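Here is a short briefing on one protein chain. Look over the sequence and the structure first, then read the points by topic.

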Amino acid sequence: MSASSLDGKVAVITGGSRGIGLGIATAYRAAGAHVVIAARKPAGLAEAREELLRVKGDGAVHTVVANAGEPDQAERCVEETMARLGRLDVLVNNAATNPYHGDLLDLDLPRAEKTARVNQYGMIAWTRCAWRAWMAEHGGAVVNIASVGGLVVDPHIGYYNATKAAMLHMTRQLAYELGPRARVNAIAPGLIKTELARAVWEVREPILTAKLPLRRLGTVEDVAHAALFLATDASSWMTGQTLVLDGGATALPIGVEG
């Protein structure tokens, strides 16, 4: 088996019914994995499963209705995965929420709690379940989908970015706590051309890309390729790290126009 193969491995992807999560599930299935996608909406999961089954691969495709911010639903998903497939080698913490846009000082507690519950505590809860069910004894890889926003300041989504910054720190913390059995790494994507983000990039794409060193926005496939690398033995001596996929946005000189 090559270092970039996932033959026979089992991967659980939260927020796996669309966008980046579905792209990662597609790449994993093509690499030989059995995939379990979790999301809140049954209809979206059913459509995603049909799409995944059209991808060439021998692995099973299962779906679980689960809210990433509810620890009991994380436990149920992992229990179902173990019952169906008998192992859990890769966990992708991809699901996230962002119910608030605005200044930090105007943020209300309910939306702050919801954001932290999904983006921060959800990551801990799902990782704990995967660790206790399989990885503590057999090892594995955890891939956390954060954001380049966790490294910069934004005038509109400061609190969301703060939760993503927390994910980056918790990635390092968990890498320390779960080593040497499990590896824990993160991806910090910049603006990715997903349907969810269409309102942000569609009208302004020429303006947004003009300043980027690579002169294009990111794609779901860009993130999926990185997630495949972090899940396989190709990254076997890598843990506690963050791959920044931003087309060079964070490499721009301060105060210099593109």
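**Helix pairs, cores and loops**

Helix H1 and helix H2 cross in a right-handed way. The model is predicted.

**H1 and H2**

- Helix H1 covers residues 19–30 and helix H2 covers residues 42–53; they pack at an angle of about 30 degrees, with their axes 10 Å apart.
- Angles under 35 degrees count as roughly parallel, so H1 is roughly parallel to H2.
- On the H1 side, the contact is made by Leu22, Ala25, Thr26 and Arg29; on the H2 side, by Ala48, Glu51, Leu52 and Leu53.
- These contact residues of H1 and H2 divide into five nonpolar, one polar and two charged.

**H3 and H4**

- The axes of helix H3 (residues 71–85) and helix H4 come within 9 Å and cross at roughly 35 degrees.
- The crossing of H3 and H4 is right-handed.
- H3 makes this contact through Pro71, Gln73, Ala74, Glu75, Cys77, Val78 and Met82.
- H4 makes it through Arg117, Tyr121, Ala125, Trp126, Cys129, Ala130, Ala133 and Trp134.
- By type, the residues in the contact of H3 with H4 are 12 nonpolar, one polar and two charged.

**Nonpolar cores**

- In soluble globular proteins, nonpolar side chains tend to be buried together.
- The largest nonpolar core here has 33 residues.
- Which residues have the most contacts inside this core? They are Leu6, Ile13, Ile24, Tyr28, Val92, Val143 and Ile187.
- Two or more residues of this core come from each of strand S1 (10–14), H1, strand S2 (34–39), H2, strand S4 (90–93), strand S5 (140–145) and helix H8 (220–231).
- H8 gives the most to this core, with eight residues.
- Isoleucine 24 touches Ile13, Val92, Ile145, Ala224 and Ala227, when residues up to four places away in sequence are not counted.
- A second, separate core has 29 residues, including Ala66, Met123, Cys129 and Leu168.

- Valine 92 lies in strand S4.
- Is valine 92 buried or exposed? Its relative accessible area is 0%, and buried means under 20%, so valine 92 is buried.
- Neighbours within four places in sequence aside, valine 92 is in contact with Val12, Ile13, Thr14, Ile24, Tyr28, Val143 and Ile145.
- Valine 92 and alanine 11 are 81 residues apart along the chain, and their C-alpha atoms are separated by 7.5 Å.
- Asparagine 94 is in the loop between S4 and helix H4 (109–138).
- With a relative accessible area of 11%, asparagine 94 is buried.
- Not counting residues up to four places away in sequence, asparagine 94 touches Ile13, Thr14, Gly15, Ile20, Gly21 and Ile145.

**Backbone details in two loops**

- Where is proline 180? Proline 180 is in the loop between helix H5 (158–178) and strand S6 (182–189).
- The peptide bond that joins glycine 179 and proline 180 is cis, with omega about 5 degrees.
- Arginine 215 lies in the loop between helix H7 (205–210) and H8.
- Although arginine 215 is not a glycine, it has a positive phi of about 55 degrees.
- The relative accessibility of arginine 215 is 52%, and exposed means over 50%, so arginine 215 counts as exposed.

Terms used. Residues numbered from 1 in each chain as written. Predicted model: local features only at pLDDT ≥ 70, side-chain atom pairs only at ≥ 80, totals over all residues. Heavy atoms only, no water. Axes fitted to C-alpha atoms, helices over the stretch in contact; angles between N-to-C directions. Helix = DSSP H or I, 4+ residues; strand = E, 2+ residues; numbered from the N terminus. Parallel < 35°, antiparallel > 145°, perpendicular 65-115°, else oblique. Left-handed = near helix turned anticlockwise from the far one by under 90°. Contact = heavy atoms within 4.5 Å. Nonpolar A, V, L, I, M, F, W, Y, C, P; charged D, E, K, R; others polar. Core = buried A, V, L, I, M, F, W, Y, C linked by side-chain atoms within 4.5 Å. Buried < 20%, exposed > 50% of the residue type's maximum accessible area, 1.4 Å probe, protein only.
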